[in-house]
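Morning, everyone. Please look at the sequence and the structure on the screen while I talk.

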Amino acid sequence: MTTSSKSILIQGAEVLAMARPHGERPVQADVLLQGGKIAAIGNNLPIPESCEVIAAHGKLLMPGLVNAHTHSSETFFKGRYEQMPLEAWLLYAYTYISGAPIPDRLLYLRTLLLAMQSLKNGVTTLCDDFFDPMAHSTKRLGIVFQAYRDAGIRVNVSSAVLNTPVLDSTPFGREVFPEHLRNQLNFGAPTTAADYTAYCQEAFRRFHGQADGRLRFAITPSAPQRCTTDMLQACHALAVQHGVPLHTHLLETRVQAVAGQMFYGKTLLAHMHDIGVLDRHTTLAHAIWITDDDIAQMGRAGCSVVHNPLSNLKLGSGLAPIRKLLDAGVAIGLGTDGLSSNDSARVFDLIRFAALMHNTGGTPPAQWLSAIETLRMATLDGARTAMLDDVTGSLEVGKAADLVMLDLDNDNFRPKNDIVKQLAYCENGSSIELVVVAGHVVCRNGQLATVREKEVWDELNQLLPAYLEEHGRWEVANRVFEPYFSEVIRRCKATDIGIQR
Ligand SMILES: [Zn+2]
């Protein structure tokens, strides 16, 4: 793709800008895109020279969606697992016992595939917590960035790190696992804070801000209990220095809540606060097993949360206290999580599930999430969790031209009652006609403009069967750990932690 983009004038669309405080109801307007940005929004805008004009009466224009938490490493494992809680599922999706890392070409295609399936579904920004078993090679990271550069999507790419042995971050781990399995339960020699810092600084130099700022690097210690204190503090220093998120998994399961009490004598959120890594740079994925005190602390710290409704349901992780977090002033984004715990890159599914799944357990209806609240999570507030809210997430003059155009003359909007509610409760991506990132049309009527989809699949059809067959053999090898993780879960269920999710 070239870095310059031609002008596009979109005429007469219903514009749902998602800007605050106004902009949360659709208003008919023209929108001019120039130089990759939104240059004007108004009525009867003049047509500049050499400008593509798109007649958009009967269409809805909205900001491109933000997938605020995913892992491209799981993209080939869609529809592969079920009936497993997180601690068991991890064994198969992330195989402790395994062979060589995925070959470079498949690494490229795997990343490209996530971008392709995201763009086709109106997702213009991805936060990819890339996991590559502790290789931390800028060559491999460069392959990931190249795929996103080629696809034309906006990304925060980070490169996960964990440096605490699995047995020391798993409650009862040293009691439960037999001697002969203990050494096999790690991803290799632990990374030091100094080594990870040097790697990240190199990644910032090489990749951050490339493609006119569309490609960014972010920092992801995998989870507080999986990293040493000096690693978490080094990660925080990097995030502050470069103005990017420190993005981490927090309290996704009951087992992790027990880990906090067992290893630190406090909640993992309190641990993060006490070591000085909780502030507006901090983005917490999941945040399910948090206490009321944690929620108040999160509000004071100004951190943000990524809610992963479908992944949480699939892994039986529990219901995140989203209304309480909103009441505490915490910005919430939506994430698919990896495609082996969510099975789709569609953020429209997340909007719908987030708007429905909290209507349970006797919660008063006035506290259920509304359509507009979940749409905010998928747009401007999702961008906030990525520290990109001054760049994308709403249609405002001066912001990046990241947008989606939907056909309102479509079953999802027939009959037309309330566009906002129908977007949340009826839309599944099938109304999408046009997807634009940084002023470039990346998808039109379901056809990607940046990638030859057939060629990608011709190649994947050649390469994938052998790779998946090999992965299947590693899944079988890792089955040996499952009874012991089941025992860990059983013991954690019997441990009183004072909350239930
Ligand atoms: Zn995750």
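**Loops, domains, cores and helices**

Let's start in a loop. His-136 sits in the loop between β7 (123-130) and α3. This is a predicted model, so keep that in mind throughout. His-136 is not a glycine, yet its phi is positive, about 45°. Is His-136 buried or exposed? Its relative accessibility is 15%. The cut-off for buried is under 20%, so His-136 counts as buried.

Now a second residue with a positive phi. Asp-212 is also not a glycine, and its phi is near 55°. Find Asp-212 in the loop between α7 and β9 (215-218). Asp-212 is exposed, at 63% relative accessible area. So we have His-136 buried and Asp-212 exposed.

Next, two prolines. Arg-20 and Pro-21 are joined by a cis peptide bond, with omega about 0°. Pro-21 is in the loop between β1 (7-15) and β2 (27-34). Arg-414 and Pro-415 are joined by a cis peptide bond too, with omega about -10°. Pro-415 is in the loop between β14 (403-407) and α17 (419-425).

Step back to the whole chain. The protein splits into domain 1 (7-63 + 397-448) and domain 2 (65-385). Taken over C-alpha atoms, the domain centres are 30 Å apart. Domain 1 puts 28 residues into the contact, and domain 2 puts in 29 residues.

On to the inside. Which residues touch the most other members of the largest nonpolar core? They are Tyr-148, Ile-219 and Met-298, and that core holds 145 residues. Which helix gives the most to this core? Helix α2 (residues 104-120) does, with ten residues. Where does the core lie relative to the domains? Domain 1 and domain 2 both give residues to the core, so it lies between them.

Stay with Tyr-148 for a moment. Set aside its neighbours within four places in sequence. Tyr-148 then contacts a list of residues including Thr-111, Leu-114 and Ala-115. Its contacts also include Ser-72, Leu-126 and Asp-128. Further along the chain, Ile-153, Val-155, Val-157, Arg-214 and Leu-215 are in contact with Tyr-148 as well. There is also a second, separate core of 20 residues, and among them are Ile-8, Val-31, Leu-403 and Leu-434.

Now helix packing. Two packed helices are described by the angle between their axes and the distance between the axes. Take helix α3 (residues 138-151) and helix α7 (residues 193-207). Their axes come within 11 Å and cross at roughly 40°. That makes α3 oblique to α7. The crossing is right-handed. Which residues meet there? From α3, they are Thr-138, Leu-141, Gly-142 and Phe-145. From α7, they are Tyr-199, Glu-202, Ala-203, Arg-206 and Phe-207.

Helix α7 has another partner, helix α8 (residues 229-242). The axes of α7 and α8 come within 9 Å and cross at roughly 20°. That makes α7 roughly parallel to α8. This crossing is right-handed. On the α7 side, Ala-193, Tyr-196, Thr-197, Cys-200, Gln-201 and Phe-204 take part. On the α8 side, the residues are Asp-230, Met-231, Ala-234, Cys-235, Leu-238, Gln-241 and His-242.

Look at the spacing in those lists. An α-helix has 3.6 residues a turn, so residues three or four places apart point the same way.

Next, helix α1 (residues 86-93). How many of its eight residues are buried? Eight of the eight are, so α1 is largely enclosed by the rest of the structure. The buried residues of α1 include Glu-87, Trp-89 and Tyr-92. What do they pack against? The partners are α9 (254-264), α18 (453-478) and α19 (482-493).

Last stop, helix α13 (residues 322-327). Asp-327 lies in this helix. Asp-327 is exposed, with a relative accessible area of 61%. Asp-327 and Ile-295 are 32 residues apart along the chain. Their C-alpha atoms are separated by 9.4 Å.

Helix α7 is met by α3 and by α8.

How values were computed
Residues numbered from 1 in each chain as written. Predicted model: local features only at pLDDT ≥ 70, side-chain atom pairs only at ≥ 80, totals over all residues. Heavy atoms only, no water. Core = buried A, V, L, I, M, F, W, Y, C linked by side-chain atoms within 4.5 Å. Buried < 20%, exposed > 50% of the residue type's maximum accessible area, 1.4 Å probe, protein only. Helix = DSSP H or I, 4+ residues; strand = E, 2+ residues; numbered from the N terminus. Domains from an automatic or database assignment. Contact = heavy atoms within 4.5 Å. Axes fitted to C-alpha atoms, helices over the stretch in contact; angles between N-to-C directions. Parallel < 35°, antiparallel > 145°, perpendicular 65-115°, else oblique. Left-handed = near helix turned anticlockwise from the far one by under 90°.
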